[in-house]
Amino acid sequence: MSAKKTSLRAIVDKWLAPTAAAPARVLRTGRMSSNHTRFVFVEMQASSGPRSIFLFRHGDGSWCVFPPTEARPAMCCARVGRG
């Protein structure tokens, strides 16, 4: 994840480049069943045909074109001092 938060509008502008003549619209919103990550499905009509993209909300509040990785079990050990 990046340290800089990316808004939904900024990521849609970056990937789809909508215009006033061809605006982007949200067709579907929801949560993934596996980890309840929020997603949106955005589409726009371009002269070459429709363009669409799924965007996923990450834990830091940013929106990305890839879903966040799931937390995995981890083990660690630490020395416990006697005092």
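This is a predicted model: local features need pLDDT of at least 70, side-chain atom pairs count only at pLDDT 80 or more; totals for chains, interfaces and linings use all residues.

Trainee: Fine. What order do the strands take in the sheet?

Mentor: The order is E1-E2-E3-E4. Four strands make up an open sheet, and the pairing is antiparallel.

Trainee: Which are the edge strands?

Mentor: Strand E1 (24–31) and E4. Each of those pairs on one side only.

Trainee: And the helix, which strands does H1 touch?

Mentor: Helix H1, residues 8–16, packs on the sheet and touches E1, E2, E3 and E4. Its direction makes about 145 degrees with that of E3.

Trainee: Let's go pair by pair. How many bridges between E1 and E2?

Mentor: Seven, in the antiparallel sense.

Trainee: Next, E2 to E3. How many bridges there?

Mentor: Eight bridges join E2 to E3, again antiparallel. This is also a hairpin, with two residues between the strands. Within the pairing, Phe 39 has Phe 56 in E3 as its bridge partner.

Trainee: And E3 to E4, how many bridges?

Mentor: Two bridges, with the strands running antiparallel. Phe 56 comes up again here: its bridge partner in E4 is Cys 64.

Trainee: Is E2 mostly covered or mostly open?

Mentor: Mostly covered. Seven of its nine residues are buried.

Trainee: Switching to aromatics. How many aromatic pairs does the structure hold?

Mentor: Two. In one of them, the ring centres of Phe 39 and Phe 54 are 5.9 Å apart and the planes are at 55 degrees, so the pair counts as tilted.

Trainee: Why does that one count as tilted and not edge-to-face?

Mentor: Because edge-to-face needs planes over 60 degrees apart. This pair is at 55 degrees.

Trainee: Which parts of the chain does the pair tie together?

Mentor: Phe 39 lies in strand E2 (residues 38–46) and Phe 54 in strand E3, so the pair ties together parts 15 residues apart in sequence.

Trainee: Are those two residues buried or exposed?

Mentor: Phe 39 is buried, at 9% relative accessible area. Phe 54 is partly exposed, at 36%.

Trainee: And what about Phe 41 with Phe 54?

Mentor: They form a tilted pair too, 4.6 Å centre to centre with 45 degrees between the planes. Phe 41 lies in E2 and Phe 54 in E3, so this pair ties together parts 13 residues apart in sequence. Ring pairs link Phe 39, Phe 41 and Phe 54 into a cluster.

Trainee: New topic. Where is His 58?

Mentor: In the loop between strand E3 (49–57) and strand E4 (63–64).

Trainee: Buried or exposed?

Mentor: His 58 is buried because its relative accessibility is 4%, and the cut-off for buried is under 20%.

Trainee: What lies 2.9 Å from a polar atom of its side chain?

Mentor: The backbone oxygen of Phe 66.

Trainee: Last one, Ser 47. Buried or exposed?

Mentor: Exposed, at 87% relative accessibility. Ser 47 is found in the loop between E2 and E3.

Trainee: How far is Ser 47 from Ala 22 in space?

Mentor: 8.8 Å, C-alpha to C-alpha. In sequence, Ser 47 and Ala 22 are 25 residues apart.

Conventions
Residues are numbered from 1 along each chain as its sequence is written. Side-chain values use heavy atoms; hydrogens and water are left out. Buried means under 20% relative accessible area, exposed over 50%, partly exposed in between (1.4 Å probe, protein chains only). A polar contact is a pair of N or O atoms within 3.5 Å; within protein, one must be able to donate a hydrogen and the other to accept it, and residues adjacent in sequence count only if both atoms are side-chain atoms. Rings of Phe, Tyr and Trp (its six-membered ring) pair if their centres lie within 6.5 Å; planes under 30 degrees apart count as stacked, over 60 as edge-to-face and the rest as tilted. Two strands pair if DSSP finds at least two bridges between them. Contact means heavy atoms within 4.5 Å. Axes are lines fitted to C-alpha atoms, for helices over the stretch in contact, and angles run from 0 to 180 degrees between N-to-C directions.
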